[in-house]
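Subject: Handover of a structure and notes on it

Dear colleague,

Please find the structure below, which I am passing on to you. My notes come after it and are meant to be read with the structure open.

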Amino acid sequence: MKLKYFKIILIAFLLITSVNAEEKLESEVRGIFDFGIYTTTPFHYEVSSSMSGKYGAFYLFDSNVSTQWMSEKSSKPAWILVDFKEKRLMNRVEISFPSWVYREVKSYSIQVNVWGNWKTILKNQKVKKDNSHFLPGMDASQIRILFPETINSHLSVSDFKIFLEDALLNGLNEHLTGHIFPIVDGQLPSESYSLPGAPRAYRNGFHKGLDIRFTKLNPNSELIPLSKETEVIATAKGKIIRADWNYIPMNLEEFEKQKELTNQHKVTFVDRDFGGRQIWIDHGNGVITSFNHLSSIESKVKVGTKVKQGQVLGKVGNSGLKGEVEGSDEGIHLHFEIWYKGEFLGKGLKADQSYQLLQVFFKPY
Ligand SMILES: [Zn+2]
């Protein structure tokens, strides 16, 4: 009975938090882009208007051309402003449009703030889908794109990137986006406890992944708990670098001993990790993903095997957890980790930053 109430409260909590996140996004016309070590530096941004949270200004800077900012329909000029709040050196910008809109955009100007006024330094009257402009070397803190002509519709822009030579100043590394979710229709957790960087006092450290417990079924958006039949898939193409074919479950005595040791020392132990049966994939460019607590592994998945995006790797489970030791279904979920250049993605970020970073990492459905 108690467990049932807990589940109802948990589901209600998840629904409330996801509604809140949506409301917050919907009013966004300005914001701060800040993913700690994963961005060059935090910067502020503003746009003339945003049609909705789904097409917010945030998507101008996520290095994902399949997402975009969309303005409201308006007869006034539209604009995008990036404000670093301090001097930056810059000498190139890139502006990309969705393929269905760029022909409608007749021109735009790139402007900088000089003594409180916007000065045009470049005007593009031959707009293409992807545009790259070398600028004179500038030390500026603010830069703006102005679209003087209205296109009698919503204006859409996919990406707005500012560079100093090859260094991207206002966005996210392109390798940290474009993955699909590891479970079809899986629910990205929004509660901080399930996100990377959450404290785990009983394990003497921090949670290094995200815990996925539900699939979301549309149109009723009902949350369905994962089971040992739920498949996990490769989030991007890559090479298998670990597949625990010789995994041996812990017995209760070993589990308790492991728990006690982990409590005392900030260490984990090979083959005797709470991660249970695991698969790791190297996606190149420093990105590694890790699937934990699996109940089974697909026969083709072996170390050295190349996998495609979306390929089935195995099934969700509770290996490495007490439920497995006790022979029950307790605790079934996918603990999924993303490692970037040797560190877990989300290190040093607050829960809301981690949540937003993961929304960017995974392609929107
Ligand atoms: Zn976890």
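The notes below go from the whole chain to single residues.

Overall picture

Please keep in mind that this is a predicted model. The chain contains 4 helices and 24 strands. Of its 365 residues, 34% are buried. Among contacts with a separation of 6 or more, 69% are between residues 24 or more positions apart.

The core

The largest nonpolar core comprises 66 residues, and L60, I80, V157, I279, L334 and L357 have the most contacts inside it. Strand β4 (residues 78-96) supplies the largest share of this core, with 8 residues. At least three residues of the core come from domain 1 (28-172), and at least three from domain 2 (192-361).

Two of the residues named above lead to further details. Leaving aside residues up to four places away in sequence, L334 touches P182, I183, I212, L226, V232, F291, H293 and V316. L357 belongs to helix α4 (residues 351-361), where S354, Y355, Q356, L358, V360 and F361 are buried as well. The buried residues of this helix pack against β13 (210-212) and β23 (334-340).

A sheet of three strands

V232, one of the residues that L334 touches, has G314 in β22 as its bridge partner. An open sheet is formed by 3 strands in the order β16-β22-β20, with antiparallel pairing. The edges are taken by β16 (231-233) and β20 (296-297); each has a single partner strand, so one side of each has no neighbour in the sheet. Between β16 and β22 (residues 312-315), which run antiparallel, there are 3 bridges.

K237 counts as partly exposed because it has 14 C-beta neighbours inside 10 Å. Beyond residues up to four places away in sequence, K237 touches V307, K308 and Q309. K237 and I281 are 44 residues apart in sequence, while their C-alpha atoms are 8.6 Å apart in space.

The β5-β6 hairpin

Strands β5 and β6 form a hairpin with 2 residues between them. Their pairing is antiparallel and extends over 7 bridges, with Y108 standing opposite N124 in β6. β5 is also joined by 4 bridges to strand β7 (residues 130-147), again in an antiparallel arrangement. In that pairing, V112 has I143 in β7 as its bridge partner.

Two residues with positive phi

Most residues other than glycine have a negative phi. Two residues are worth checking against this background. W115, in the loop between β5 (108-114) and β6 (117-124), is not a glycine and yet has a positive phi of about 50°. H293, in strand β19 (residues 287-294), is likewise a residue other than glycine, and its phi is positive, near 70°.

Is each of these residues buried or exposed? W115 counts as exposed because it has 5 C-beta neighbours inside 10 Å. H293, by contrast, counts as buried because it has 25 such neighbours inside 10 Å. H293 is also among the residues that L334 touches.

With kind regards

Key. Residues numbered from 1 in each chain as written. Predicted model: local features only at pLDDT ≥ 70, side-chain atom pairs only at ≥ 80, totals over all residues. Pairing = 2+ DSSP bridges. Buried ≥ 20, exposed ≤ 12 C-beta atoms within 10 Å, placed from the backbone. Contact = placed C-beta atoms within 7 Å. Core = buried A, V, L, I, M, F, W, Y, C linked by C-beta atoms within 7 Å. Domains from an automatic or database assignment.
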